[in-house]
Amino acid sequence: MTEFVSTSVQGGVAYLTLTRPQALNALSLDMIRAMTDALHRWESDPAVHAVVVAGAGGKAFCAGGDIRWFHQAFHANDPLLDQFFVEEYALNHLIHRYAKPYIALMDGVVMGGGMGISQGARLRIVTDRTKMAMPETNIGLFPDVGGGWFLARTQGRIGEYLGLTGAVIHAADALFAKLADAYLPSNAVAELVASLQANAFQGSDAVLAHIATFTRQHADACVPQESNLARQASLIDEMFAKATAQDILHAISDTAGDWAAQTAATLRSRSPLMLCVTLEQIRRARTMSLEDELRMELDMMHDVFRHGDGIEGIRALVIDKDHQPKWNPARLDEVTLARVRAFFDGKWRHEAHPLAGLGS
């Protein structure tokens, strides 16, 4: 395995741990390949009944892809930049369609690529330290790694809200939005893993039953905060149902209250082009299969660095840290429908698409 992914098998359960805590377990191509290899190996191993995935260091499950490397690879004209997304999306698909229970311990930061390796899990466990987001519009990207697909399947217009704003949510919000399945206090996560490792399981049902019993025993540890999403759900549904990103911003700007003011300010700071692209992505994804949506995302990503705001956003927010991205265009009313639709044009013949093998 790569130095940043550790694996083990004990008592019928395979454990995969991201061990890059100094980078909040951000994914490199080597890490994606190591995870893919391990999951394929375990899927065909009759001695493995379930997989538990976690992040080391206590601060993050996984903060996303290695965006510093994206910037470096783009300027070096490195062909591995495109290959990164091909293999990452294939891994995301593998997790969604995995034949055995895949259990994600979403303790700490879970953003971008971290959502990609957790949202397909059979069981998604959040904690009081969970900080979840799809923050891509903040750096001139769009919510990829299947983000269009799983955001489109949240209730009401929560998907549009989370995708456009990149808002950070916590455990109660994740449970409300059905982006998580169960809650544990963070100090019980290690106890859960220890209890699993102390047993020898004969099948996947036994693993899931053990975890269900453990979480019930901690049911008195209530989710530590009220869901902001639940409190604002009716307003989110009203505002984010508007036809265009510009309409959404106008409606929120005309709404009284702190939430509306903060949300409007957030939207104004995001890439105007990617707000429009993201809205189109999520709405298209509502009627798409996961496989087709991932293929669409790869077509979109082909344009993000070449014709979009991705490199400038990463420069401003991560490399130079001047926090003054020069978005192109600078205003929502300057974004043309033709430019948005170009992101969704097929970049390959269907049979030649790098993700053609995902199925229909």
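This is a predicted model: local features need pLDDT of at least 70, side-chain atom pairs count only at pLDDT 80 or more; totals for chains, interfaces and linings use all residues.

Reader: Which helix gives the most to the lining of the second largest pocket?

Author: Of the 13 residues that line this pocket, Thr 244, Ala 245, Cys 276, Leu 337 and Val 340 are the closest to its centre. Two or more lining residues come from each of helix 11 (245-253), helix 13 (272-285) and helix 16 (337-342). With 4 residues, the top contributor is helix 13.

Reader: How many nonpolar, polar and charged residues are in the lining of the largest pocket?

Author: The largest pocket holds about 630 Å³ of space. Its lining has 28 residues, with Ala 63, Gly 64, Gly 65, Ile 67 and Ile 139 nearest the centre. Helix 2 (67-75), helix 3 (80-96) and helix 15 (310-319) supply at least two lining residues each. By class, the lining divides into 16 nonpolar, 6 polar and 6 charged.

Reader: Is Thr 263 buried or exposed?

Author: Thr 263 has a relative accessible area of 6%. The cut-off for buried is under 20%. Thr 263 therefore counts as buried.

Reader: Which residues does Thr 263 touch, not counting those up to four places away in sequence?

Author: Thr 263 sits in helix 12, which runs over residues 258-269. Leaving out residues up to four places away in sequence, its contacts are Tyr 161, Thr 165, Phe 240 and Ile 252.

Conventions:
Residues are numbered from 1 along each chain as its sequence is written. Side-chain values use heavy atoms; hydrogens and water are left out. Buried means under 20% relative accessible area, exposed over 50%, partly exposed in between (1.4 Å probe, protein chains only). Contact means heavy atoms within 4.5 Å. On a 1 Å grid over the protein atoms alone, a cavity is a set of points where a 1.4 Å probe fits but cannot get out, and a pocket is an open set with protein on both sides within 12 Å along at least five of seven lines; lining residues have an atom within 4 Å of a point. Grid points are joined across faces, edges and corners, and a volume is the space filled by probe spheres set on the points. Ala, Val, Leu, Ile, Met, Phe, Trp, Tyr, Cys and Pro count as nonpolar, Asp, Glu, Lys and Arg as charged, and the others, Gly among them, as polar.
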